[in-house]
Amino acid sequence: MAQYAHMSEVDPEWHSVSSFVPVTTVPTDIEQFRKNSTIWRKLSNQGLWPLITDGLTVLDRSFTVDDRVVPLRTYVPHSNSELGEAESHRFPVLVWMYGGGFAIGSLEDDDPLLRAWTVELRISCVAVDYRKAPEHPFPAAYDDSFAALKWTVANADAISADLQKGLIVGGISAGGNLAAAITQRAQKNPAFQCKVTGQVLIIPFIIASEAYPEKYKSELLSYEQNANAPFVNKEMSDFFTGCYAPMHAIACDPGLSPGLAESFEGLPPAYIQVAGLDMLRDEGLLYGRLLREAGVPTKVDAYPGFPHGFHIIFPQLKASRKQADDFKKGIKWLLGGPTSSEQVQAR
């Protein structure tokens, strides 16, 4: 969006660490790229995030749908009598999709964070290990994520969940795309009887760039403004999108581009985070506007001058600590049953 172009100006805090950003190039061997990414995230997590092992139960699970196996990892808080929770206490639930351009990523990526959210926010979490592109292009990840949402509803008792307290769907980057898309799918599917109560979309991919509608192009400027941004640039973004959606016609499908849905009315409240130096910035801001105009309570936090995934690369930054704190506030806002929107808040 033109009025947000100033968000591409590099923040001094980011400038101070930008020389340490890992150089990313389009992979020639996707399997090796996945292995390297997993190793990097694991080492990064070990060095920067405490691994919480007390106060929750973490289980690797799976289920079968249409002759395929979908792995999950569930996180359930232990009841805490000091908080007035009985042994039979039930919690709201968050269904979470990790990022990675639909092509990389694993259940290990956000594991330390999910453990922390489970204990601190008193919420059960279900992390989805969806199929990856290019071996499994659209709609594989979309279908797996929706199937996991249905599994969560059907197995609420097994994860100590009370869906009336909250059923939130969330994700980061590509996972944010999946979260937005399956939230729409749940609303439109008459067989899905449970109501999604909130969606949390962190630096989400909302519309495939090749499918930007003419009416929105004046608002979707960040894809070119931030084409050479660190960590994820246009070349990398186009590679990932090409892996997941190799056919142009698919780009207009709301299952891939949820920002192109015919209507947004009746969708659950949304909490969105965008990074100012991110190519996807304006997609998240546009989606926030479309939701607000459709009467959907929406809250957006923005981090001007920081690139896609800055809080993952350097979680020790002041901006990263604020992002983490904002996320928890956003979840609490959704659980509170908001009835009105808030203006975009910039760091």
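In which loop is the place of F102? In this predicted model, F102 sits in the loop that links β3 to α3, a helix spanning residues 111–121. The phi angle of F102 is near 70°, which is a positive value in a residue other than glycine. Because its relative accessibility is 3%, and buried means under 20%, F102 counts as buried. The report below starts with the sheet and then turns to single residues.

## The sheet and its strands

Nine strands form an open sheet with mixed pairing, and their order across the sheet is β1-β2-β4-β3-β5-β6-β7-β8-β9. The edge strands are β1, covering 56–65, and β9, covering 345–346, and each of these pairs on one side only.

Strands β1 and β2 run antiparallel and are joined by 10 bridges, and V58 has Y75 in β2 as its bridge partner. Strands β2 and β4 also run antiparallel, here with four bridges, and the partner of L72 in β4 is V128. Strand β5, residues 167–172, pairs with strand β6, residues 198–202, in the parallel sense over five bridges, and G170 has V200 in β6 as its bridge partner. As for how β2 is placed, eight of its 10 residues are buried, and the strand is mostly covered.

The hairpin of β1 and β2 has two residues between the strands, and in this hairpin D66 takes a positive phi near 50°. D66 is found in the loop between β1 and β2, the latter spanning 68–77. Is D66 buried or exposed? Its relative accessible area is 66%, and since exposed means over 50%, D66 is exposed.

## Helices across the sheet, and the core

Helix α8, residues 281–293, lies across β6, β7 and β8, and runs at about 155° to β7. Helix α10, residues 318–335, lies across β3, β5, β6, β7 and β8, and runs at about 165° to β7.

The largest nonpolar core has 116 residues, and those with the most contacts inside it are W14, L149 and V200. What does V200 touch, when residues up to four places away in sequence are not counted? Its contacts are L94, W96, I168, V169, G170, G171, A179, Y271, F327, I331 and L334. One of these, G170, is also the residue whose bridge partner in β6 is V200.

## A largely enclosed helix and a buried asparagine

Eight of the 11 residues of α3 are buried, so this helix is largely enclosed by the rest of the structure. The buried residues in α3 are D111, P112, L114, R115, A116, W117, T118 and L121. Just after α3, R122 takes a positive phi of about 55°.

One of the buried residues of α3, P112, is touched by N45, which also touches E108 and D109 when residues up to four places away in sequence are left aside. N45 lies in helix α2, residues 30–48, and is itself buried, with a relative accessible area of 7%. The side chain of N45 reaches the backbone oxygen of D109 at 3.0 Å.

## A buried serine in a loop

S257 has its place in the loop between α7, residues 234–244, and β7. With a relative accessible area of 0%, S257 is buried. Leaving aside neighbours within four places in sequence, S257 is in contact with I206, I207, A208 and A251. Its side chain has polar contacts with the backbone at two of these residues: a polar atom of the side chain lies 3.0 Å from the backbone nitrogen of A208, and the side chain reaches the backbone oxygen of A251 at 2.6 Å. S257 and A211 are 46 residues apart in sequence, while their C-alpha atoms are 8.2 Å apart in space.

| Residues joined | Omega |
|---|---|
| A133 and P134 | about 5° |
| F138 and P139 | about 15° |

P134 is found in the loop between β4, residues 124–128, and α4, residues 140–154. P139 likewise lies in the loop between β4 and α4.

Key
Residues are numbered from 1 along each chain as its sequence is written. This is a predicted model: local features need pLDDT of at least 70, side-chain atom pairs count only at pLDDT 80 or more; totals for chains, interfaces and linings use all residues. Side-chain values use heavy atoms; hydrogens and water are left out. Two strands pair if DSSP finds at least two bridges between them. Contact means heavy atoms within 4.5 Å. Axes are lines fitted to C-alpha atoms, for helices over the stretch in contact, and angles run from 0 to 180 degrees between N-to-C directions. A nonpolar core is a set of buried Ala, Val, Leu, Ile, Met, Phe, Trp, Tyr and Cys residues joined through side-chain atoms within 4.5 Å. Buried means under 20% relative accessible area, exposed over 50%, partly exposed in between (1.4 Å probe, protein chains only). A polar contact is a pair of N or O atoms within 3.5 Å; within protein, one must be able to donate a hydrogen and the other to accept it, and residues adjacent in sequence count only if both atoms are side-chain atoms.
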